[in-house]
Amino acid sequence: MNKPSTDIRLKPSPIFAFFKILPTIICALAFAWLANSYFPGFMWFSLFTMIFGIYRYIAIRRVIYLVTPQYI
C-alpha cells in the first residue's frame, strides 16, 4: 500500500530572497552612481555586482529544505 508522505518541503519566499540580496543591489546602485558621476569604468563593477545579485536570488529561491519525521 502507498503510505502518505509525511515529509515537509520548505522553500524560501521571494521577499526573503530579495531582502538577502538587498545590500548587493544597493552596492550595484552605488557603483552605477559613481560611474555616472566620476569614472565610467565603475559601470563594469555595477554590472558584475548586479549579475551576482541575480545569481544569489536564483540560488536562494532554488533551495528546498526537506523536513522528515526523524527531524521533528
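**Contacts, helices and a nonpolar patch**

Leaving aside neighbours within four places in sequence, I64 touches R9 and L10, where contact means heavy atoms within 4.5 Å. The model is a predicted one, in which local features need pLDDT of at least 70 and side-chain atom pairs count only at pLDDT 80 or more, while totals for chains, interfaces and linings use all residues. Residues are numbered from 1 along each chain as its sequence is written, and side-chain values use heavy atoms, with hydrogens and water left out.

I64 itself sits in the loop between α2 and β2 (65-67); helices (H or I, at least four residues) and strands (E, at least two) are DSSP runs, numbered from the N terminus. With 48% relative accessibility, I64 counts as partly exposed, the class between buried (under 20% relative accessible area) and exposed (over 50%), using a 1.4 Å probe and protein chains only. Along the sequence I64 and I8 are 56 residues apart, yet their C-alpha atoms are 9.9 Å apart in space.

L10, one of the contacts of I64, belongs to strand β1 (residues 8-10). L10 is also partly exposed, at 45% relative accessibility. Together with I8, V63, Y65 and I72, L10 makes a nonpolar surface patch of about 490 Å². Patch members have over 30% relative accessible area and no salt bridge, and nonpolar side chains (Val, Leu, Ile, Met, Phe, Trp, Tyr) are joined within 5 Å, like charges within 9 Å. A salt bridge here is a side-chain nitrogen of Lys or Arg within 4 Å of a carboxyl oxygen of Asp or Glu. The areas come from the Shrake-Rupley method with a 1.4 Å probe, and for residues only the protein chains shown count as cover.

Now to the helices. Helix α1 (residues 14-37) runs for 24 residues and reaches 33 Å from first C-alpha to last, close to the 34 Å expected at 1.5 Å a residue; that expected span is 1.5 Å times one less than the number of residues. There is a bend of about 45° in α1 at I21, with a proline, P23, following within four residues. The bend is the angle between axes fitted to the seven residues ending at a residue and the seven starting there.

Buried in α1 are A17, I21, T24, I25, A28 and A35, and the buried residues of this helix pack against α2 (42-62). T24 counts as buried because its relative accessibility is 10%. Neighbours within four places aside, T24 is in contact with T49, F52, G53 and R56.

W44, in helix α2, is exposed, with a relative accessible area of 55%. From W44 to F31 is 8.6 Å, C-alpha to C-alpha, with the two 13 residues apart in sequence.
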